[in-house]
Amino acid sequence: MTTPPAPLENDLMALKQTAQASIATATNLEDLEQIRVGYLGKKGQLSQVLGAMGKLSAEDRPRIGSLANQVKELIQEQLEQSKSALLAAQIATQLEAETLDVTMPGVFRPQGRIHPINSIIDRIVDIFVGLGYTVASGPEVESDYYNFEALNFLPDHPARDMQDTLYLPNGDLMRTHTSNVQIRYMQTHEPPLRAVAIGRCYRRDTVDATHAAVFHQIEFFAVDTAITFSDLRGTIKVFLEALYGEIPVRFRPSYFPFTEPSAEVDVQWQGKWLEVLGCGMIDPNVLKAVGYDPEVYSGFAAGLGVERLAMVQHQIDDIRRLYSSDLRFLRQF
Ligand code: DAH
């Protein structure tokens, strides 16, 4: 025996069917959301049907109410299923589209190189760090005191001339050598000390094949209670051999205001003697200027031009090539 359908029962059943049918046609998540709103939203079809429940008899109401709930749950369940299926499909398409083809040719990136100046600097610093030296540095804009006065340059020394040194309007200058670091380092450290400094230096030179207004120097120095000229010679020999291998080295007497005695060092390179550095025992006046007692302490110092070394080593005929950024030139190193 079947009871005749109560009012609304058919409506609910029809709603269930059309909802199921349209869920089945949804091909993306946006469509599915619209379908959800259309059936289950506040103004959706289900709400409209339920709005009519007030007209039902007290006896039909619970049955239709529970049927409405079943329909709602069924639609919800199907919406969920369809949502997960669509999501899975979306991820699959995305994975498909983003597949990495490892056989595709790569993006070409030109390989950079270390500039010959930097490569010499790196090698020299490595050698001194290996000998236990500390890397020190100082300013390129310097006062007369650190660049000249504390280094025992007399007031009328020719290097102080406007022809040689680049002065700033306030009387400061562009350091003409890295020897300023000796003073700054010794002022702030107590012996025993060993330090190496690298940096740009500036001179008012007319630029030509062997002169640049900006160039690099490396300075190294050591101070302790019993440092002798033999320590200087030994250090320089070890350094030059680390740089060039077994090579003839000679010391020539020379003069620098900040060393006494002073020497210039040459290496024999392809049959010719080439000057590579200046050096000497730190002048007692310099030690006094930094507050060291020259009766207790002694030290040596040396300085060398990096560009010169690079030119000798790579047989470069013109210093300007090092700064022209011409890749045809730079790629040779
Ligand atoms: N400062 C010197 C120059 O610019 C190079 C130099 C020579 C540095 C002898 C030194 C040294 O420390 O002892 O030509």
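User: Which residues make the nonpolar surface patch of about 280 Å²?

Analyst: This is a predicted model, in which local features need pLDDT of at least 70 and side-chain atom pairs count only at pLDDT 80 or more, while totals for chains, interfaces and linings use all residues. Residues are numbered from 1 along each chain as its sequence is written, and side-chain values use heavy atoms, with hydrogens and water left out. A patch takes residues with over 30% relative accessible area and no salt bridge, joining like charges within 9 Å and nonpolar side chains (Val, Leu, Ile, Met, Phe, Trp, Tyr) within 5 Å, with areas from the Shrake-Rupley method and a 1.4 Å probe, only the protein chains shown counting as cover for residues. The patch of about 280 Å² is made by Leu-87, Ile-91 and Leu-95.

User: Which residue forms a salt bridge with Arg-252 in which the closest N and O atoms are 2.7 Å apart?

Analyst: A salt bridge is a side-chain nitrogen of Lys or Arg within 4 Å of a carboxyl oxygen of Asp or Glu. Arg-252 also meets Glu-264 in such a bridge, at 3.5 Å from N to O, and because Arg-252 lies in strand S6 (residues 249-256) and Glu-264 in strand S7 (residues 259-269), that pair ties together parts 12 residues apart in sequence. The partner at 2.7 Å is Asp-266.

User: Which residues are linked with Arg-252 and Asp-266 in a network of salt bridges?

Analyst: Asp-266 is buried, with a relative accessible area of 3%, whereas Arg-252 counts as partly exposed at 26%. Besides these two, the network links Arg-250, Glu-264 and Glu-275.

User: Which residues touch the most other members of the largest nonpolar core?

Analyst: A nonpolar core is a set of buried Ala, Val, Leu, Ile, Met, Phe, Trp, Tyr and Cys residues joined through side-chain atoms within 4.5 Å. The largest one has 45 residues, and its largest share, seven residues, comes from helix H5 (residues 116-130). Those touching the most other members are Phe-220 and Phe-239.

Technical notes:
Buried < 20%, exposed > 50% of the residue type's maximum accessible area, 1.4 Å probe, protein only. Helix = DSSP H or I, 4+ residues; strand = E, 2+ residues; numbered from the N terminus.
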